[in-house]
Amino acid sequence: MPAAQGQWEALLSDGVRRVSILGSTGSIGTQALDVVRKARKDAGQEVFRVVALAAGASNLKLLARQAVETRAELVATSGDADAAAQLADSISNLAGILDAGHYRPRIIHGPEAATRAAAVEDADLVLNGITGSIGLAPTLAALESNKLLALANKESLIAGGALIHQAVAASTHEDPLIPVDSEHSALAQALRSGSATEVDRLILTASGGPFRGRTREQLRGVKPADALAHPTWDMGLMVTTNSATMVNKALEVLEAHLLFGVELDRIDVVVHPQSVVHSMVQFTDGSTMAQASPPDMRLPIALGLGWPHRVPGAATPCDWSRATQWTFEPLDEDAFPAVRLIKEAAARGATAPAVYNAANEQAVLAFHAGRIGFLDIVDTVARVVEEHQVADDLTVKAVLEAERWARTRADQLLID
Ligand SMILES: NC(=O)C1=CN([C@@H]2O[C@H](COP(=O)(O)OP(=O)(O)OC[C@H]3O[C@@H](n4cnc5c(N)ncnc54)[C@H](OP(=O)(O)O)[C@@H]3O)[C@@H](O)[C@H]2O)C=CC1
Ligand SMILES: CC(=O)[C@@H](O)[C@H](O)COP(=O)(O)O
Ligand SMILES: [Mn+2]
């Protein structure tokens, strides 16, 4: 039997997986739909059924097209009643044109819409591809309604930390939280080869972003368009900017600690400009396991949707017949202090990581609005975290209050 055929059988052994895709119009969401489409074609039958779609309100036409294509039962927009009406019109027009005239999904709207889509009864698995810590409520809702959660929205884990651990512990699934972030998917794959006691260190790779090799002084005048010119990945604005400041890698170090329980001082970052080795696990005997594939998020997304099974043909593998070079270099923490700063924030505990992330989200938006310079982003994060009075316990209320304070304080500092 060909390898792929056995793999399709394994993947389909529990039946078609019903998925709710949050952030469906974004980079992760649209690639998830590529995976769903291709799996159906390659397997010759439905593999993943999209039962719910959720997005913001900036691309309602695309959301409508996705709804008609997938026939999702529930379609959610974070927009207002007008946005919902516009969405319903677009769906009904398109359904008429595309011979799906009978298709009438349930349309919901408002700030809670994605959270409701995360808890939708029909779904087995929720893919959270929303940007920002606004994704925390949907993350918790997915776990609390006992879904599998394929998590790209790292900000919810940073902000929610122990709250997410509690929700994971209460789940009846052995392993409900599946990493989709490329580095963490790589680590999860490498960790399949050894037990927790064998692990010595986790090594996260970083592309180095568009400003790799520059000194702090050389970063001073860079413009938003420069920061968005990522060398290897095509992603949304927030994560792309975070790659340029190394805040993305900082969030990912803490994400790895929260996902895999390895202490922060046993997690390293190495710059690997080709983005082919997505991360590595070093074992106690000196062996290192690395996961490698050309940069394409459809691979970790597919593994997230099919976990623990691989989706055959999800992405193109490395071409070993061609000469190639992979290089590795240390992170310059003087030019890019974000990783050191998050380790300090994590040591303060409770709400400090949520504050780090919220201040960063505000600063990134201010940078793109032309209100501040590039270096002000991480400098502001550092100041806001330093001023923060950490809450004693991590509750949803404490996180929301800390975030509200951090956003206001960051905005004040950015105006001054
Ligand atoms: N892109 C990538 O390759 C990678 C991304 N990630 C992580 O995945 C997450 C998504 O990133 P990315 O896809 O790049 O981001 P994008 O900006 O491309 O997409 C964000 C998506 O979230 C939607 N959205 C925004 N606000 C809400 C809301 N309140 N309710 C529901 N949906 C909302 C947007 O809708 P609308 O279109 O209407 O604005 C859009 O669909 C981030 O956490 C990022 O760090 C991790 C690894 C790789
Ligand atoms: C694809 C992915 O997982 C991104 O989070 C990626 O890691 C960003 O690239 P950097 O390594 O430049 O942060
Ligand atoms: Mn990543």
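Which residue in β6 is the bridge partner of valine 126? Select leucine 149, for that is the partner of valine 126 in β6. Before going on, note that this is a predicted model, in which local features need pLDDT of at least 70 and side-chain atom pairs count only at pLDDT 80 or more, while totals for chains, interfaces and linings use all residues. Residues are numbered from 1 along each chain as its sequence is written, and chains are lettered from A and ligands numbered from 1 in the order in which they are written.

Now select residues 125–128 and 148–151, the strands β5 and β6, which run parallel and are joined by four bridges. Strands here are DSSP runs of E with at least two residues, and helices are runs of H or I with at least four, numbered from the N terminus. Widen the view to the open sheet of seven strands, whose order is β4-β3-β2-β1-β5-β6-β7 with parallel pairing; two strands pair if DSSP finds at least two bridges between them. At the edges, β4 (106–109) and β7 (177–179) each pair on one side only.

Next, select residues 298–306, helix α13, which is largely enclosed by the rest of the structure because eight of its nine residues are buried, meaning that 20 or more other C-beta atoms, placed from the backbone, lie within 10 Å of a residue's own. Among the buried residues are Leu299, Pro300 and Ile301.

Conventions:
A residue is buried if 20 or more other C-beta atoms lie within 10 Å of its own, exposed if 12 or fewer, and partly exposed in between; C-beta atoms are placed from the backbone.
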